[in-house]
Amino acid sequence: MKYCFNFVYKVNSEVKRTSKPDNDDFTVEMNNENQVVTLTVKPKTKVEFLKFEMKMPFKYNSAQRIFTNGYQSWTVSKEYHPNSKMDEFNPRILGMEKKKFNPLGIWGAGDLTFHKYPEKPGVFYGYSYGYIRTGKELFFLGSLSERCGYTIITFDCTADCISIEKDFEGMVFNDDKTALSLAVLKGEYNAVFDKYFKLMNISEPRVKRQCGYTTWYNYYSNVTEDIVARDLEAISNLDTKIDIFQIDDGFQRTVGDWLETDKKKFPSGMKAVADSIHEHGMLAGLWLAPFAVTPKSHIYKKHKDWLVRDKNGKTHYASHNWGGFYALDIYNDEVRAYIRKVFDTVLNTWGYDMVKLDFLYACSIIPIHNKSRGKIMCDAMDFLRECCGDKIILGCGVPLAPAFGKVDFCRIGADMGLNWKNTAISREDVSVQHTLMNTIFRRHLDGRAFLNDPDVFLLRDNNINIPLSQRKIIAKVNSLCGNLLFVSDDVSIYTDEQKRIFIDMVTTPKADITNAEFINKDVIKIDYCLNNQNSSFTFNLSTGEIL
């Protein structure tokens, strides 16, 4: 394989450009063996890379399909036709310019503040890994570590090439570093992903397929102790085993003050809720956004020095949720002590068995302390696992590669919407279509990096604008491709048919997916084997019709 390079960098405030891996300022040494390409940077002076790119030629054709892995849990991730355009299901986001971004907006959850979005057909990019599929055979590229910086892989069908870039923003190279370790693999779909995770030494997940309940998609932040007691009793009375009952956002005084329970909504406190869940024979789960704080929080008011700040010392918004929130600096010793105290209280004093950890991208919203976004996120995931010990972690809103092997379950798609129509304004926004695509096309992570959480399936008739026929599609896709099956309904008002669907969902074993693809612009077909029988499931993603 022939590789070429493109470097843009700063030395002593002077911007320089070169395609030479050996020059007056640094040497990039390449090692290419055993299906792994390694690039080591050896600086001869202090170097700050503005662009670090390796390119290889690749001839595309119309029979191929291209998969790109989105920036984080919620980001659209799917296979593309070489002549299509990224996010053809949601063209409103195309052409957006960085200067129009509102830092309080949904854009903060994605990568558009630091990566240019392709606006023409035939150009597709993603993070950490991606592939070109011809039939059942893959040509696969995958970073073996993001600890130096995120790996951005661009498939450019218009120029017949593949670009591999590293996000080194915020870093200064002053000693030798492994800049890139890239697996380049060819083979059958499952064999390639088995090989990739073996190269990373990621062990199989220790947890098994589980089912449960979460409060979020019916009550959102209006959840109360009485609602929890009612739905806990109802779901425990179903004629099937339920594994986990999880309390989502709304129990706390405000985001950031995790140990201050909202006493009006949860007068008995969170330990009493966990005890009640255990008495009903289920594991108790609790939602936290451990790196997020709102201006209303006591943490924000008392400890502004704990917040992520830009190079000018200004606090930096993470995104728009809860009226706008900030992120904690995970390298601050007092922040780490506070977060450790939160987890010790939640897991050991209150007695929760699982934590759903959300909005994790926030800690790496900008580079800090001479560390890239990828380095910060990897350090953060190490820290969270240290805090949680052997308790179950469900990751969410997290760049996926840093979460490999660090979380037990992980969300791999956007939040589920309450109507089928796609109203998303970003690649991370709430959307039924986005989460279904991610559930199908990120299925290769399930059982390798963690167990996949496809988000909820909703069967209720109230507080939803999706007909039962479409709700069945969501349930079917989740069951086929996911391994954490959560509902968010008051099951006491289920009809007999809804109860039957629910019990089928949580008792059916995981299917073996033999193939899944768009068979035209809107229609997805999933071929699978279940209980030794080969079957297929086909539906129209745009209209919500089963075909």
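**View 1. Strand β11 is covered on both of its faces.** On one side sit Thr-151, Ile-153 and Phe-155, on the other Ile-152, Thr-154 and Asp-156, and all are buried (buried means under 20% relative accessible area, exposed over 50%, partly exposed in between, with a 1.4 Å probe and protein chains only). Counted along the strand, residues 151-156, that makes 6 of 6 residues buried. Strands here are DSSP runs of E with at least two residues, numbered from the N terminus. A friendly note on the model: it is predicted, with local features needing pLDDT of at least 70 and side-chain atom pairs counting only at pLDDT 80 or more, while totals for chains, interfaces and linings use all residues. Residues are numbered from 1 along each chain as its sequence is written, and side-chain values use heavy atoms, leaving out hydrogens and water.

**View 2. The open sheet holds 6 strands.** Their order is β2-β1-β5-β12-β11-β8, with antiparallel pairing; two strands pair if DSSP finds at least two bridges between them. Because β2 (14-18) and β8 (123-127) stand at the edges with a single partner strand each, one side of each has no neighbour in the sheet.

**View 3. β11 pairs with β8 and with β12.** Antiparallel β8 and β11 share 5 bridges, and here Val-123 stands opposite Asp-156 of β11. Towards β12, also antiparallel, β11 has 6 bridges, and Phe-155 has Ile-162 as its bridge partner. The hairpin of β11 and β12 has 4 residues between the strands, and Asp-160 takes a positive phi near 50 degrees there.

**View 4. β5 meets β12 in the antiparallel sense.** Look for 5 bridges between residues 48-57 and residues 161-166. Lys-55 finds its bridge partner in Ser-163 of β12.
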